[in-house]
Amino acid sequence: MIIVANGKTNEVSQRTDATDALWVRLDELPGATGWQMKPQGACLGELCVPLPADRRGDWIADADGWVWFCYSEFADHIGQKHVRDGDVWSLGSVPEVRRSGLESAIAPDFEVTERNGDTLRLSDLRGHKVVLFTWSSW
Amino acid sequence: MAQDSGGPAALDKWFDRAAPTYRCVVDPTHHISSLFGWVNVPSAAWIDEDGRIVRSAEGAYPAETTYRFGLGKVRLGDGAFARATRDWIERGADSEHVWSAAELAERIRPVDDDTLLAEATFKLALHFEATGDSERARRHFAAAEHLAPDNWNYLRQGWTHKGTAYAHLKVLRRTNHLRKNSDKSYYDPMGLPDENYRRFTEPEWLWTPAARRLKQLLHR
């Protein structure tokens, strides 16, 4: 199964008894979605979303010798849009991340590869003025 | 930051021609525009030393720019953004062009459910384009276009999947339609005091110089 999210594509395991929902193994969750499970809930950077007590049992399950998280149900809970075609799932932005970014006006961080192969992380440029400029060939 | 699903194959000739001295990246998945809420190119942000966005703009051309477009050429932009950028670099927070956080929040486009769904759909289309599944790519590009009809990045990238000539024709037809039937614009105004804002650009066809010369002769 393939998850497209945060500008990256990740191949992840598929639960053999999976229904139409997107189940992600907990150990593959951070790489595929950016979220990781912590005692306080599912966390993406500094944002943590407690799992509703009445859904926890439905969203976390043991299967195939692994612990799985029902990501599509969680995404619905936080308002993150997702689209599926076959074995490919695409995840949109997390609304809370966009909203909090707007309120703070802090530029969202990203990591991309430069033409020369170096990695460019926006937060590494703190202390400098940055002019970010997009263009395309079309 | 080149935002183009064509990747280096589509972009290298432009990079080589510009011979840039600044840092350059290729973003084939439009990830950065998604983060900043941009819907067209060129778009730009000024980010201060503390990592705060202090201005964001679309149609941020460095100067008046003329380029070939289909059978003609178009004229876009002016020097206002470059002048304002130099002012900000020199004067920092004292520049009159710096936005407060409240101004920034006011100016950035609101995000609704369709916009968020369009983003996921568009990224799915890009995935299928990258993996060579053109049929599914087209289907999802069309769905994204339907969900976010004002996002020129989605429209033009999706149209380009069917060919450059097709994409150019679609841009001309859509801008013509919007010019006549709506109050929408191709770019939002940058809000700079000396900008030469054009709601849409008028294409200048290859035969325009000849027609102009003929008119001059007839007026004599």
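This is a predicted model: local features need pLDDT of at least 70, side-chain atom pairs count only at pLDDT 80 or more; totals for chains, interfaces and linings use all residues.

Me: Start with chain A. How many helices and strands are there in chain A?

Reply: Chain A has four helices and 13 strands. Its C-alpha atoms fill a box of roughly 50 × 30 × 25 Å along the principal axes. Of its 138 residues, 29% count as buried. Among the contacts in chain A with a separation of 6 or more, 40% link residues 24 or more positions apart.

Me: Now a sheet. What is the order of the strands in the open sheet of chain A?

Reply: The general idea comes first. Strands of a sheet pair through backbone hydrogen bonds, either parallel or antiparallel. Here four strands form an open sheet in the order β2-β1-β10-β9 of chain A, with mixed pairing. From one strand to the next, the twist averages 20°.

Me: Which residue is the bridge partner of Ile2(A) in β2(A)?

Reply: Glu11(A) is the partner of Ile2(A). That bridge belongs to the pairing of β1 (residues 2–5) of chain A with β2(A), which is antiparallel and has four bridges.

Me: What lies across β1, β2, β9 and β10 of chain A?

Reply: A helix of the other chain, α5(B), lies across these strands. It runs at about 135° to β10(A).

Me: Which strand of chain B does β13(A) join?

Reply: Strand β13(A) joins β1(B) through four bridges, and the two run antiparallel. Leu132(A), found in strand β13 of chain A, has Ala45(B) as its bridge partner.

Me: Is Leu132(A) buried or exposed?

Reply: Count its neighbours. Leu132(A) has 20 C-beta neighbours inside 10 Å, so it counts as buried. Setting aside neighbours within four places in sequence, Leu132(A) is in contact with Met1(B), Ala44(B), Ala45(B) and Ile47(B). Now compare sequence with space. Leu132(A) and Leu122(A) are 10 residues apart in sequence and 9.6 Å apart, C-alpha to C-alpha.

Me: Stay with β1(B). How does β1(B) pair with β2(B)?

Reply: Strand β1 (residues 43–47) of chain B pairs with β2(B) in the antiparallel sense, over five bridges. Ala45(B) stands opposite Ser56(B). The hairpin has five residues between the strands, and Gly51(B) takes a positive phi near 85° there.

Me: Why is strand β2 of chain B described as largely enclosed?

Reply: Six of the six residues of β2(B) (residues 53–58) are buried, so the strand is largely enclosed by the rest of the structure.

Me: On to helix packing. At what angle do the axes of α7(B) and α8(B) cross?

Reply: Two packed helices are described by the angle between their axes and the distance between the axes. The axes of α7 (residues 152–160) and α8 (residues 164–181) of chain B cross at roughly 145° and come within 7 Å. Residues making this contact include Arg156(B) and Trp159(B) of α7(B), and Tyr166(B) and Lys170(B) of α8(B). By class, the contact has four nonpolar, two polar and two charged residues.

Me: What covers the buried residues of α7(B)?

Reply: Eight of the nine residues of α7(B) are buried. Among them are Tyr154(B) and Gly158(B). The cover includes α2 (31–36), α5 (113–130), α6 (134–147) and α8 of chain B.

Me: Last topic. Which residues have the most contacts inside the largest nonpolar core?

Reply: They are Val24(A), Phe69(A), Ala125(B) and Ala144(B), in a core of 37 residues. Helix α5(B) gives the most to this core, with eight residues. Take Ala144(B) as an example. Beyond four places in sequence, the residues it touches include Phe122(B), Ala125(B), Tyr154(B) and Gly158(B). Another core, of 25 residues, lies apart from the largest one, and includes Ala107(A), Phe110(A), Ala2(B) and Ala57(B).

Terms used:
Residues are numbered from 1 along each chain as its sequence is written. Chains are lettered from A and ligands numbered from 1 in the order in which they are written. A residue is buried if 20 or more other C-beta atoms lie within 10 Å of its own, exposed if 12 or fewer, and partly exposed in between; C-beta atoms are placed from the backbone. Two strands pair if DSSP finds at least two bridges between them. Axes are lines fitted to C-alpha atoms, for helices over the stretch in contact, and angles run from 0 to 180 degrees between N-to-C directions. Two residues are in contact if their C-beta atoms, placed from the backbone, lie within 7 Å. Ala, Val, Leu, Ile, Met, Phe, Trp, Tyr, Cys and Pro count as nonpolar, Asp, Glu, Lys and Arg as charged, and the others, Gly among them, as polar. A nonpolar core is a set of buried Ala, Val, Leu, Ile, Met, Phe, Trp, Tyr and Cys residues joined through C-beta atoms within 7 Å.
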